[in-house]
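Please read the following report alongside the sequence and the model.

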Amino acid sequence: STAVAWTPPLNQWYEFRFTIYSDNVLKVGFYDITGALLTSATVTDTTYTSFDRILIAGGYNLYIDDLKVE
């Protein structure tokens with residue numbers, strides 16, 4: 001995998017999507033309020049096939065507008 005350097009936008013809404021595909025590919029993408037991709041990272045890992053919890057961390061008060069798990 002390749003590390004992706006990224007500084008999240010301050011005082012702006014952004015969205016992230018974390019996807020686990022059936023071929024062991026894990027992908028996370030971050031999008032601005034218009035839906036434009038800000039950055040993404042993809043890795044293949046056979047260790048994880050599902051997830052059962054979500055952690056939101058950041059050292060600041062975070063406000064969640066919408067949380068959707070499919």
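The report covers strand pairing, backbone angles and a charged side-chain contact.

This is a predicted model, in which local features need pLDDT of at least 70 and side-chain atom pairs count only at pLDDT 80 or more, while totals for chains, interfaces and linings use all residues. Residues are numbered from 1 along each chain as its sequence is written, and side-chain values use heavy atoms, with hydrogens and water left out.

Strand 1 (residues 14-20) and strand 2 (residues 25-32) run antiparallel and are joined by 7 bridges. Strands are DSSP runs of E with at least two residues, numbered from the N terminus, and two of them pair if DSSP finds at least two bridges between them. R17 has G29 in strand 2 as its bridge partner. The hairpin has 4 residues between the strands, and N24 lies in this loop.

Positive phi values occur at two residues that are not glycine, N11 and N24. N11 belongs to the segment before strand 1.

| Residue | Phi | Relative accessibility |
|---|---|---|
| N11 | about 55° | 84%, exposed |
| N24 | near 70° | 24%, partly exposed |

Here buried means under 20% relative accessible area, exposed over 50%, and partly exposed in between (1.4 Å probe, protein chains only).

The structure holds 1 salt bridge, defined as a side-chain nitrogen of Lys or Arg within 4 Å of a carboxyl oxygen of Asp or Glu. The side chains of E15 and R17 form this contact, at 2.9 Å from N to O. E15 counts as partly exposed because its relative accessibility is 38%; R17 is also partly exposed, with a relative accessible area of 41%.
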